[in-house]
Amino acid sequence: MNDFRLSIHTLLGLCIIFSMVHGECYTDAGCQLPKPSISQLKALGDKRSLTVSWLAVHSGLVGDIYEIQISRTEKHTIIYSTNVSVPSVDSSEYTWTWVSDLPLECVDHSVRIRAFYNHSVAGPWSNWKTNNGSKKNDQPMIFPFEQVLMEGTTATFCCVPPAGVNITSIAFRNEPYALTSVGAGVKAITVNNLSIPTEDSMTVFQKKALSVLLLECVAADKKSFIWNYVSFPPQKLTNLSCATTDMRTVTCTWDSGRKRDRHDHNKRTYTLHIENSDRGPVSCEESSCTFPAVPQLQEYNISVVVKDMLGEETASHSFNISERVFPVVEWEALRAGVTGANMSWSVQGNFTRQNLLCQTHTEPGNNTELSCNSLSGVCEVKLEQLLPNTHYSTRVRCSLNGRLWGGWSDPVPFITLPLVKLDLWRRIEQLSDPHSRQVTLLWNPHIVGTAATLKIPGYKVQYTQEGRTNSTEVGQSQAVVSVGPGKCVFTVRAVLQSGSSVPARITVPPVDYTEKPPVQKRLSSTAAGGFNLSWHESSTVSCGYTVEWCDLRNAGPCTLKWVNVPEGDNTLVLPAGDFKAGCRYTFNIYGCTENGHTLLEKQTGYSKELNSIQSLKLVQPVQSTSSSVTLEWLYDEDDQPAFITGYLVTVQEVASNIVPGQAAVVFNKTVAEPRKKSQIIKGLQSNREYVCSVRALTKEGPGTPIIITLRTTINYSAYLAKILIPTVLVLGCIILLWPQRNTLKSGLKEIFVYPADWSEAAVSGGRGLRHLRHRGCE
């Protein structure tokens with residue numbers, strides 16, 4: 001009962017309100033609620049959104065409720081219904097938008113509305129407002145057509161057949177899908193999770209084909225083909241930052257996120273807004289935007305809006321322009337010297353009142369940092385401690401107040417100028433005139449660095465003696481000058497078109513300058529070859545040492561070689577590759593003083609001694625006696641591939657003179673003095689043949705022997721003694737026994753008379769007696 005009374009009161013209240021608003025109220029039949037009217041029904045550009053507009057008349061109560069219904073086809077099949085709350089404001093037109101899952105071109109879509117008062121009393125429906133679909137054609141029509149669809153969403157495609165024709169199939173990417181009847185002969189398919197191909201192995205044509213959504217509709221004997229595109233909406237911009245190079249323009253950059261394929265048809269725009277300025281929006285590139293700086297504005301609040309057919313995103317950023325300066329360098333000039341280079345550059349923009357710092361980097365390694373506050377705007381720096389004739393490259397960058405550094409400039413290559421040093425030496429020859437000497441100057445040019453090949457056109461030789469200076473120019477690396485007996489100072493430098501030459505100076509001592517005899521020293525060779533030279537330091541040396549020798553590796557006159565050794569060092573190692581094995585080298589070691597060079601030592605040796613020494617030559621005829629032989633030989637021990645340490649003399653009796661079972665007599669004599677070239681061998685037998693040999697000895701062993709066979713002379717005094725002694729003994733016996741010759745005669749007869757009976761036995765047994773006699777001798 002109470003609810004009924006509440007309803008009556010509510011209805012009466014509404015009647016009163018509407019009677020006040022419209023001036024209409026029928027007391028007998030109740031209040032007639034107004035019928036709403038749809039002022040506009042419009043399809044948006046995406047062909048899926050439908051906007052409904054109507055005049056909202058408010059009752060004065062809290063908000064009004066409108067029910068909206070949407071139907072399809074001429075049969076007005078309701079597909080969607082909802083209630084919309086309209087705020088209680090002055091009477092105005094209200095717009096509501098609905099998004100259809102089916103393209104609006106497929107069929108007719110109609111809308112009607114009605115109002116609810118006090119959330120319960122429903123008013124009358126408005127008339128249907130229809131948005132017409134596409135008119136049927138003589139060919140099947142597929143919708144949507146050439147539209148950009150969002151990746152990952154579900155899409156519905158429809159096919160509108162010609163009048164009276166039935167649709168048999170709809171295929172998506174050549175794959176048939178199940179058909180759904182929409183009405184009026186229109187059929188539709190639904191495709192879930194639209195995708196973009198990402199396979200790297202696909203060809204460009206395959207990617208393009210898959211990025212296009214190809215649909216085919218078959219209606220009876222008619223076919224239609226259309227395509228759409230699939231893409232993705234904008235992504236949130238990241239890493240948004242802004243900077244300036246000259247305080248005149250500002251460049252903002254960002255990461256736009258996922259990259260689109262070049263076949264993507266989803267047009268995207270980027271727009272920058274300066275929020276705290278009246279500047280208009282700035283059209284941007286995909287990942288950067290450049291705009292003029294706002295005068296007198298230090299703090300910037302910007303936003304970047306990215307927008308396409310599928311949506312939009314916005315990113316914001318704030319910055320102080322004076323803290324985001326990256327100066328850009330422009331080269332002015334670079335002038336290279338021998339050991340340095342002068343470089344200059346300018347910076348874009350006006351930074352004369354700022355604390356501008358710059359860094360230079362030279363490759364190979366040289367870094368310099370300087371403050372650049374030049375009023376002209378040009379910064380200069382001198383690079384030092386560079387190597388002559390060497391490739392370099394340099395680059396520069398600058399910073400405002402040392403906060404942020406601008407990018408490095410492009411490297412600028414350059415080559416330092418060449419530097420020529422001369423290694424100077426001399427030979428002094430005293431002429432027949434005691435007041436004249438001939439000085440041969442020799443020098444080796446050393447070009448520092450290898451960047452460029454340098455041709456030296458000539459040299460200038462200057463010499464000063466007794467206060468007079470003379471000069472001459474030569475084209476070769478030597479000069480011959482005649483000077484007097486006094487001290488003479490020579491200076492030689494290279495004449496160059498560009499670059500520099502360090503003058504070389506050497507002093508020739510006066511003729512009357514006395515020197516101590518040089519120390520003679522023999523060097524011992526090593527298995528590795530080469531020379532390890534050392535000498536005693538001299539207290540008079542003030543400018544180092546010079547080691548001089550002749551290069552014997554080439555045929556013809558020797559080439560003079562020399563090496564300078566600094567003061568305080570008295571050793572020098574010369575590698576084996578610079579010397580020839582088996583050749584004797586003499587090293588002259590000079591000490592440098594204010595009056596010139598003094599010969600201190602002479603050292604002689606071999607880089608490597610060889611055993612292939614020459615044979616000796618014996619002096620003939622060989623002197624011999626009945627008991628000795630004197631051997632003499634000729635030999636140049638200085639012209640050998642090794643030091644001669646002595647000689648080995650061997651004398652041996654010929655084998656034909658040796659009685660079987662006896663050992664041969666051998667005489668070996670060693671001569672320890674290399675310059676002694678004779679030896680006497682004693683104790684030989686008379687009138688015997690002997691084989692004599694002589695060979696030179698070295699550290700590597702004995703050389704090839706020289707052999708000669710000779711016979712000792714007969715010892716006639718020995719033979720005479722053998723004859724005279726028996727003769728004298730016989731004569732003595734005769735003389736002593738002569739007086740008793742008769743007695744001896746009779747005695748002999750008794751001794752040598754045989755018995756009569758022994759004669760036959762003697763005859764018959766003669767053969768046997770001879771046989772016994774022979775056996776007894778044996």
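Reader: Is Cys-488 buried or exposed, and how is that judged?

Author: In this predicted model, Cys-488 has a relative accessible area of 0%, and because the cut-off for buried is under 20%, Cys-488 is classed as buried. Cys-692 also counts as buried, at 1% relative accessibility.

Reader: How many disulfides does the structure hold, and what is a disulfide in general terms?

Author: A disulfide is a covalent bond that connects the sulfur atoms of two cysteines. In this structure there are seven disulfides. One of them is formed by Cys-106 and Cys-158, with 1.7 Å between their sulfur atoms, and its angle of -90° about the S-S bond makes the link left-handed. This pair connects distant parts of the chain, 52 residues apart, with Cys-106 in the loop between β5 (92-99) and β6 (109-117) and Cys-158 in strand β11 (residues 155-160). Cys-106 is buried, at a relative accessible area of 3%, and Cys-158 is buried as well, at 1%.

Reader: Which handedness does the link of Cys-242 and Cys-252 have, left-handed or right-handed?

Author: The disulfide from Cys-242 to Cys-252, with an S to S distance of 2.0 Å, is right-handed, with 105° about the S-S bond. Its two ends are 10 residues apart, Cys-242 in strand β18 (residues 238-244) and Cys-252 in strand β19, and both Cys-242 and Cys-252 are buried.

Reader: Where do Cys-543 and Cys-592 lie, and is Cys-543 buried or partly exposed?

Author: Cys-543 is in the loop between β41 (531-534) and β42 (545-551), while Cys-592 is in strand β45 (residues 584-593), 49 residues apart. Their sulfur atoms are joined at 1.8 Å, in a left-handed link with -85° about the S-S bond. Cys-543 is partly exposed, with a relative accessible area of 41%, whereas Cys-592 counts as buried at 10%.

Reader: Strand β19 has come up already; which strand pairs with β19, and in what sense?

Author: Strand β19 (residues 249-255) pairs with β22 in the antiparallel sense, over five bridges, and Thr-249 stands opposite Pro-292 of β22. As a general idea, side chains in a regular strand alternate between the two faces of the sheet.

Reader: In what order do the strands of the open sheet with β25 stand, and why is one side of β25 left without a neighbour?

Author: The order is β25-β26-β29, three strands with antiparallel pairing. β25 (329-336) and β29 (378-383) are at the edges, each with a single partner strand, and therefore one side of each has no neighbour in the sheet. Neighbouring strands here are turned by 20° against each other on average, direction ignored. Six bridges join β26 (residues 341-347) to β29, where Lys-382 is the bridge partner of Asn-342.

Reader: What surrounds Ala-171?

Author: Ala-171 belongs to strand β12 (residues 167-172) and counts as buried at 8% relative accessibility. Leaving aside residues up to four places away in sequence, Ala-171 touches Pro-176, Leu-214, Leu-215 and Glu-216. Leu-214 is 43 residues from Ala-171 along the chain, and their C-alpha atoms are separated by 8.3 Å.

Terms used. Residues are numbered from 1 along each chain as its sequence is written. This is a predicted model: local features need pLDDT of at least 70, side-chain atom pairs count only at pLDDT 80 or more; totals for chains, interfaces and linings use all residues. Side-chain values use heavy atoms; hydrogens and water are left out. Two strands pair if DSSP finds at least two bridges between them. Helices (H or I, at least four residues) and strands (E, at least two) are DSSP runs, numbered from the N terminus. Axes are lines fitted to C-alpha atoms, for helices over the stretch in contact, and angles run from 0 to 180 degrees between N-to-C directions. Buried means under 20% relative accessible area, exposed over 50%, partly exposed in between (1.4 Å probe, protein chains only). Contact means heavy atoms within 4.5 Å. A disulfide is a pair of cysteine sulfur atoms within 2.5 Å.
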